[in-house]
Amino acid sequence: MSAVQTLVVGADEGDQRLDRWFRRHFPHIPQGRIEKMCRKGDIRVDGGRVKSSTRVAVGQSVRIPPLPDNAAPGPDHMRVPKVSQADAEMIRRAVIYRDDHIIAINKPAGLPTQGGTGQVRHVDGLAEALCFGLDDKPRLVHRLDKDTSGVLLLARTRMGAKALTDAFRARSTRKIYWAAVAGTPFPRMGTIKLGLVKAPGHGRSGENEKMRCVPVAEIAQVEGAKRAETDYAVLSNLGGRVSWCALVPITGRTHQLRAHMAEIGHPVIGDGKYGGSGQENLGDGWGAQLGGEISRKLHLHARSLSFEHPMTGAKVTLVAPLPDHMAKTWSTLGWDPRDVPADPFEDDAF
C-alpha cells in the first residue's frame, strides 16, 4: 500500500469531475472504490469532504488515501488496455461519427455508460478501443441510462471535453428521444413539469435508484427535489394501446423521461422500474408490456443530438438508427422512421 499523498490539480486538469481526474492518475482504481472513498471522507479536496461528481479546479489540493501498490500515478496513455477483441470490434461498429476532436457512438441498450458497483463492462472502459491513433482515450461528456440506446458523444481532446461539458451544462444542446409508450397521451403535444427526488431504499451507490415525481408547488418543501421539464409529441399511435412519442428533456435529471411518462399514465414499454404490472396507466391497465412478439426490453432511444462543434462552431446533428429490438417493434406496428419529421417540435406542418 502507498502512503497518504497530496496531488495538486494541474493547469490542464481543471473543471472536470473528481472521479475522472482520479482515474486519470490512478487508472487501476475502480469507480465503485472511488465513490466509497469519497463517502468515507478518505478523498478530500482542499481539506473538505467531496462527492465523486464534485468538479475540481486548477490549483486545488486532493488528498489521496493509501492505495494498492499497482495503483501508482500515471496519465491515461500509460494504462494497459484490457478490452477484449470482441468488445473492441463491437464498440468500433457502434461509431456513427468521428473527427479529430469528437467521436459519437450508437450506444447499445444494456451497456452502462460508466462503471459503478457491480459494473465492470461499460462505455468508459471500452473507450480504450476508440483511440484511433491518439494517445488518450475519448472522454465522456454526458451519459445515457444503461438500458437506453442511442447517440452518446465523447471528446477526443481535453479542450473539446470542456467545451462540450459546458454546452450540456448550459443546455445549449438538443436531444430528441424516441419511445414507445403505453396508451396515447392527451393532448398529443405538451410539456410535463414535475419535480424529481430520489426515492429512499434503492441502493446506496444509486445503481438501483428510483426517482419520485413531486408536484411543482411542493418542490421547495421536499428536500432534494429538483425541477424537471419534458416536452413530448405523439408521432403515431395504434388505437389507445401504444404510441410512438418524441421526447425532449429540457432539464437533465436522472430517469427523467421514464419517471415523467409513467407519472402521466403512459410508461415507456419495457420499463420494469417505472411501468411494471402495478403501474396504473391510461392505456388498458396492462402495465408497460405489450406481450406477443414485442420485446420486453426498454423502448427508449436517444434518436438525435444537435450541438455546436467545440472547435469549428458549426452545427452538428447526429442521428442513431433504432436498436434491433425497437426496430422489430416499429416494423410489427407498421411505424416507419421516414414518415416523421426529424424535429416535430419545430415542424409547423406536423
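Visitor: In this predicted model, are Trp244 and Trp330 buried or exposed?
Guide: The model is a prediction. A residue counts as buried when its relative accessible area is under 20%, and as exposed when over 50%. By that criterion Trp244 and Trp330 are both buried.

Visitor: How many aromatic pairs are there, and how is the pair of Phe22 and Phe26 classed?
Guide: Ring centres must lie within 6.5 Å for a pair, and the count comes to five aromatic pairs. For Phe22 and Phe26, which are both buried, the centres are 5.0 Å apart and the planes are at 40 degrees. Planes under 30 degrees apart would count as stacked and those over 60 as edge-to-face, so this pair is classed as tilted.

Visitor: What is the geometry of the pair formed by the rings of Trp244 and Trp330?
Guide: The ring centres of Trp244 and Trp330 are 5.6 Å apart, with 65 degrees between the planes. Since an angle over 60 degrees counts as edge-to-face, the geometry of this pair is edge-to-face.

Visitor: Which elements hold Trp244 and Trp330, and how many residues apart in sequence are the parts that they tie together?
Guide: Trp244 belongs to strand β16 (residues 242-249), whereas Trp330 belongs to helix α7 (residues 324-333). The pair therefore ties together parts whose separation in sequence is 86 residues.

Visitor: Which residues do ring pairs link into a cluster with Trp244?
Guide: Trp244 is part of a cluster linked by ring pairs.

Visitor: Which ring lies under the charged end of Arg98?
Guide: A charge sits over a ring when, among other conditions, it is within 6 Å of the ring centre. The charged end of Arg98 is 3.9 Å from the centre of the ring it sits over, which is that of Phe132.

Visitor: Which residues of α2 make the contact with α1?
Guide: α1 passes α2 in a right-handed crossing. On the α1 side, the contact is made by Leu18, Asp19, Phe22 and Arg23. On the α2 side, it is made by Gln31, Ile34, Met37 and Cys38.

Visitor: What is the relative accessible area of Met37?
Guide: Met37 lies in helix α2 and touches residues including Phe22, Ile29 and Leu67. Met37 is buried, with a relative accessible area of 5%.

Technical notes
Residues are numbered from 1 along each chain as its sequence is written. This is a predicted model: local features need pLDDT of at least 70, side-chain atom pairs count only at pLDDT 80 or more; totals for chains, interfaces and linings use all residues. Side-chain values use heavy atoms; hydrogens and water are left out. Rings of Phe, Tyr and Trp (its six-membered ring) pair if their centres lie within 6.5 Å; planes under 30 degrees apart count as stacked, over 60 as edge-to-face and the rest as tilted. Buried means under 20% relative accessible area, exposed over 50%, partly exposed in between (1.4 Å probe, protein chains only). Helices (H or I, at least four residues) and strands (E, at least two) are DSSP runs, numbered from the N terminus. A charge sits over a ring if NZ of Lys or CZ of Arg is within 6 Å of the ring centre and within 35 degrees of the ring normal. A crossing is left-handed if the near helix is turned anticlockwise from the far one by less than a right angle, and right-handed if clockwise. Contact means heavy atoms within 4.5 Å. Lists of a residue's contacts leave out its neighbours within four places in sequence.
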